[in-house]
Amino acid sequence: MTTIRFLQEQALFGGVDDQAMAAIVPLLSELSFAAGEAIVREGDDGDSLFVICSGSVEVLKATAADDGPFEKRLAVLKVGDVFGEMELIDMQRRSATVRALEPVSALALSNGDLFRIYESDLPTFTLVVLNLARELSRRLRSLDDLAVHYMAMDPAADPW
């Protein structure tokens, strides 16, 4: 079992006190995935976010090419990283496929369990959601930088 201290060191649970973590830990599902296994698939319904406890995953996005569709790697996530959080916020289908690069252990938090935190401990719920917002903001800033980089390479490209 992953320790409370380990979870508190991760961005998602940063600032959450020991008592609140003791109530959250039983809500988390421990999962294991083999190298090469798809953990979530783009387009599927999703109701959980995942915290990587060991191993690494790649995030893949489907795209079209002249010779047919393929998947493009967007990111590699490692211990402590979170994925699947977008579906808890916007209630849409999975936006990308996440595949294990090596054996992976992860903890899953469902939207139902996040709601249980809301019902039982509003300050902790608020902190966790704020931590999610911060993580999404960091990712958006990174994508902004990447977009500017590619636009600079092709000045004729107009994303809007």
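## Fold and overall dimensions

Helices (H or I, at least four residues) and strands (E, at least two) are taken as DSSP runs and numbered from the N terminus. On that basis the chain holds 5 helices and 8 strands, and its elements follow the order α-α-β-β-β-β-β-β-α-β-β-α-α from the N terminus on. The model is a predicted one, in which local features need pLDDT of at least 70 and side-chain atom pairs count only at pLDDT 80 or more, whereas totals for chains, interfaces and linings use all residues. Residues are numbered from 1 along each chain as its sequence is written, and side-chain values use heavy atoms, with hydrogens and water left out.

Along the principal axes, the C-alpha atoms fill a box of roughly 55 × 35 × 25 Å. With contact meaning heavy atoms within 4.5 Å, 71% of the contacts between residues at least 6 apart in sequence join residues at least 24 apart.

## Burial and the surface

Of the 160 residues of the chain, 36% count as buried, where buried means under 20% relative accessible area, exposed over 50% and partly exposed in between (1.4 Å probe, protein chains only). The chain exposes about 9500 Å², an area computed by the Shrake-Rupley method with a 1.4 Å probe, and carbon and sulfur atoms supply 55% of it.

Leu140, Leu143, Leu146, Tyr150 and Met153 make a nonpolar surface patch of about 540 Å². Patches are made of residues with over 30% relative accessible area and no salt bridge, like charges being joined within 9 Å and nonpolar side chains (Val, Leu, Ile, Met, Phe, Trp, Tyr) within 5 Å; a salt bridge is a side-chain nitrogen of Lys or Arg within 4 Å of a carboxyl oxygen of Asp or Glu. Leu146 is found in helix 5 (residues 122-153) and, at 41% relative accessibility, counts as partly exposed.

## Aromatic pairs

The structure holds 3 aromatic pairs, for which rings of Phe, Tyr and Trp (its six-membered ring) must have centres within 6.5 Å, with planes under 30 degrees apart counted as stacked, over 60 as edge-to-face and the rest as tilted. Phe50 and Phe83 form a stacked pair, at 4.9 Å centre to centre and 15 degrees between the planes. Phe50 lies in strand 3 (residues 48-54) and Phe83 in strand 6 (residues 82-83), so the pair ties together parts that are 33 residues apart in sequence. Both Phe50 and Phe83 are buried. Elsewhere, Phe115, Tyr118 and Phe125 are linked into a cluster by ring pairs.

## The buried side of helix 4

In helix 4 (residues 111-120), the buried residues are Asp113, Leu114 and Ile117. They cover an arc of only 105 degrees around the axis, which puts them on the same side of helix 4; the arc is that of the directions from the helix axis to the C-beta atoms. The cover over these buried residues includes helix 2 (18-24), helix 3 (85-90), strand 8 (104-110) and helix 5.
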